[in-house]
Amino acid sequence: MEVKVKILRFNPETDKRPHYQTFRVEAEPTDRVLDLLEKIKGYQDGSLAFRRSCAHGICGSDAMRINGMNRLACKTLVKDLGKATITVEPLLGLPLIKDLIVDMEPFFEHYESVMPYLVNDEPPPLKERLQSPEERERFDDTTKCILCAACTTSCPSFWANGRYVGPAAIVNAHRFIFDSRDRAAAERLRILSDQFGVYRCHTIFNCTLACPRDIQITKAIGEVKKAIATGSLD
Amino acid sequence: MRFHQFDVVVVGAGGAGLMAALYASKTATTAVISKLYPSRSHTGTAQGGVGAALGNLEEDHPEWHTFDTIKGSDYLGDQDAIEFMCNEAVRAVYELEHMGLPFSRTPDGRIAQRPFGGHTNNITGKPVRRSCYAADRTGHMILQTLYQQCIKNNVTFFDEFQVLDLILVNGVAQGVVAIELATSEIHVFHANAVILATGGHGRIWKITSNAYALTGDGIAIALRRGLPAEDMEFFQFHPTGIYKLGILITEGVRGEGGVLINGQGERFMERYAPRVKDLASRDVVSRAMYLEMREGRGIDGKDYLYLDVRPETVNKFAALDGRTRPDGSPYRVTAEEILSKLPDIIDFCRTYLGIDPVQQPMPVQPTAHYAMGGIPTNRFGEVVIDEKNKVLPGLYAAGETACVSVHGANRLGTNSLLDLLVFGKYAGLKAAEYACQTQFHNLPKDVADFALEQLDSLRRCKGEGERVSVIAEEMKEVMMEHVGVFRTAEGMQQALTKLKELKERFRNLKLDDCGKVFNTELLNAWEIGNLLDLALVTTASALARKESRGAHAREDYPKRDDKNWLKHTLAWLEENGEVKLRYKPVVITKYPPKERSY
Ligand SMILES: Cc1cc2nc3c(=O)[nH]c(=O)nc-3n(C[C@H](O)[C@H](O)[C@H](O)COP(=O)(O)OP(=O)(O)OC[C@H]3O[C@@H](n4cnc5c(N)ncnc54)[C@H](O)[C@@H]3O)c2cc1C
Ligand code: SF4
Ligand code: FES
């Protein structure tokens with residue numbers, strides 16, 4: 001079947017502002033949107049710019065707006081879109097560089113700001129630190145994050161103020177705050193209780209809907225809010 | 001052009017690169033240069049686990065792991081390096097746990113382990129639980145954990161910088177030349193030690209589990225600088241890729257009791273590997289699958305088979321096999337248990353196939369997966385450049401791009417993550433130690449010229465020419481057809497002729513993008529050039545090896561030939577495009593080669 005792919009194009013070296021360009025592509029219903037972009041780049045217009053690597057939803061490279069929703073191009077199939085024209089646009093809220101490529105630096109800076117690493121200065125045992133399956137389960141959901149930015153760039157609070165750390169950073173803080181082996185929860189909670197922390201979240205749920213890893217982001221943010229409010233991790 | 005100076009530069013931010021950086025940065029100024037953001041590296045897709053004889057669930061020993069790896073390698077692995085790796089494995093896994101890796105846990109809170117192909121109890125010959133895992137996203141957790149630790153330790157990253165060339169001054173490594181993707185600016189990194197950790201090159205083949213970014217840049221760069229590549233003919237085809245897409249379905253599925261089924265509903269692995277069946281080594285299983293399909297026993301006679309992990313199937317065959325749980329009770333699973341142990345696999349199947357693996361079997365076919373060969377190194381990650389293992393000062397390699405060789409002719413599952421942990425660490429330590437006691441050489445004025453020439457020769461926007469994607473497609477087809485699971489002299493000869501034609505056509509490309517900002521078309525073209533070179537070296541090495549061993553299966557020479565071929569291939573790519581081959585001995589310590597059966 002033939003599908004139309006309408007892409008928001010922008011070349012900073014020649015264009016004043018972004019504009020749409022439509023390509024016609026031969027596609028199978030089971031093709032990924034990423035396959036369509038590859039076909040366009042490979043056989044119609046080599047200058048089309050987008051990021052991609054794993055092609056199966058694990059590396060987080062190709063989050064973009066597809067028919068108005070933030071999704072991974074490699075995890076979205078033509079048949080699931082059910083429209084004659086597929087519209088593809090770059091993520092919102094991060095500076096546009098070229099075509100579907102946005103500047104990811106602000107996103108990674110927010111990530112780094114929440115101490116996204118295990119802190120525990122007690123001398124480790126000779127073998128593994130013990131952790132029960134229940135303790136491990138406590139933060140399982142937030143370990144799945146692939147840093148694709150789909151959540152943060154779907155959040156109206158983040159659009160309104162780019163200094164808000166955003167859902168992805170909170171998810172990654174949650175992953176450590178609730179890890180029984182970590183000792184820096186208090187410090188992370190202090191960072192997140194700042195004016196650009198969790199209280200910018202107005203439970204709009206866009207992030208949860210956007211997450212390609214099905215992480216319960218709003219729930220995780222809620223748990224962090226509760227921990228700040230009660231001073232307890234239970 | 002911009003200049004930077006560091007003691008150590010690491011090229012690549014996958015598991016190997018990050019591990020190296022973590023250790024090098026403890027004592028030396030260290031920069032990591034990566035064409036992808038670190039968290040996008042392909043290590044993140046590894047599913048099944050990392051091998052270490054912790055013995056958390058049953059008796060196990062590093063010596064058993066060593067022997068299994070040697071046997072799995074079809075005796076082509078270097079036994080000193082393998083023994084070293086398997087002994088270090090236990091410490092490496094505990095170290096990851098201390099860094100925060102969220103392993104799945106046993107009921108008593110220890111690291112969970114599952115069986116994997118080729119890993120056995122050396123007394124009973126039965127599968128042993130040796131693979132340490134975090135659900136079916138072990139690689140994701142390793143990559144995340146190492147990246148997190150690098151952030152904690154303030155390692156310097158140059159993200160979205162692509163390395164194009166290696167700087168050698170008087171036979172000593174002195175840094176790399178890279179291009180900044182966002183601007184096309186050239187950066188010269190002057191360094192006393194360079195660690196290449198650029199990953200694999202599965203993109204040579206049509207059906208592959210490998211990411212777009214896996215284009216063998218490190219090996220191609222080394223070949224162009226006159227260094228050899230080792231054992232390139234040994235490339236692993238993983239038995240279970242999703243039909244047509246190549247996306248990997250981890251061996252962990254078979255570890256949890258899943259079985260391969262042919263078009264007649266038969267569990268055919270019983271005939272090929274009576275003892276361990278579906279958990280035989282990957283080369284053995286992939287060949288068995290090809291043979292089944294060739295005999296018309298594919299599903300509906302087509303070129304795929306079923307991987308069946310429905311609870312009723314698992315339980316039926318577990319009962320027939322007499323499989324038990326650690327406490328001795330019979331092994332039985334429920335749909336919920338499968339869902340909790342393999343969540344990502346279930347998700348892939350739902351997304352890409354629209355099926356639910358606990359209710360329907362998965363259509364699978366072998367998929368190009370892992371490079372056993374690569375840049376030759378010793379067990380400290382130092383690059384060696386001839387038959388006598390002469391070290392090239394200042395140059396190191398680790399991870400899939402390197403060939404130590406611990407995988408020989410066939411890698412066991414879970415041993416690659418282990419390889420990158422152990423040799424990434426030692427490469428980092430060695431590089432830092434060497435770099436800190438070495439003086440910088442002056443760089444020649446034309447240091448960036450070779451890189452620039454390569455780009456200029458591709459950057460042709462006007463006039464006639466061919467699209468690089470056409471060339472790439474033809475390469476992938478011919479390699480899949482003739483240099484895949486089964487090989488013959490005739491087929492490989494055809495492939496060689498085709499590759500030479502493609503290399504000729506590659507000199508006359510037409511690009512649409514003449515810009516500087518994220519000119520991904522230009523860099524993709526450069527990457528296809530790398531793949532072409534690697535395909536050529538792979539095919540020439542394979543054509544010369546007149547035996548079958550591990551992943552290299554020749555129909556015209558179906559037997560292993562230890563008398564003539566118990567040796568490593570070293571291949572050089574000459575300037576005229578010819579491949580020169582020489583050989584070096586395999587290190588054998590305790591385990592003389594034996595016939596291999598599972
Ligand atoms: C789907 C899948 C599942 C797997 N499962 C397992 C498993 O369960 N157990 C196991 O042991 N092994 C597994 N493997 C194998 C294992 O994951 C890989 O071999 C290993 O992760 C490779 O790591 P690496 O660090 O060498 O390379 P990668 O992780 O691929 O990293 C390569 C790095 O090099 C960078 N790079 C490349 N070229 C350049 C350049 N020119 N300039 C700058 N940077 C560059 C990239 O940006 C990237 O950061 C699996 C592999 C696949 C594909
Ligand atoms: S939480 Fe989900 S949407 Fe947000 S960055 Fe992580 S994976 Fe992407
Ligand atoms: S390409 Fe990796 S997530 Fe889509």
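Reader: Hi! How much area do chain B and chain A bury between them?
Author: About 5,300 Å², with 51% of it on carbon and sulfur atoms. Buried area here is the accessible area (1.4 Å probe) that two parts lose on being put together, summed over both. This is a predicted model, where local features need pLDDT of at least 70, side-chain atom pairs count only at pLDDT 80 or more, and totals for chains, interfaces and linings use all residues. Residues are numbered from 1 along each chain as its sequence is written, chains are lettered from A and ligands numbered from 1 in the order in which they are written, and side-chain values use heavy atoms, leaving out hydrogens and water.

Reader: Nice. And how many salt bridges across the interface?
Author: The rule finds six, taking a side-chain nitrogen of Lys or Arg within 4 Å of a carboxyl oxygen of Asp or Glu. One of them pairs B:Arg137 with A:Asp140, whose closest N and O atoms are 3.1 Å apart.

Reader: Which helix gives chain B's side its largest share?
Author: Helix 4 of chain B, with eight residues; helices are DSSP runs (H or I, at least four residues), numbered from the N terminus.

Reader: Switching topic: which residues come nearest to ligand 2?
Author: A:Cys145, A:Cys148, A:Ala149, A:Cys151 and A:Cys211, out of 13 residues around ligand 2. A residue counts as near if one of its heavy atoms lies within 4 Å.

Definitions and conventions: Helices (H or I, at least four residues) and strands (E, at least two) are DSSP runs, numbered from the N terminus.
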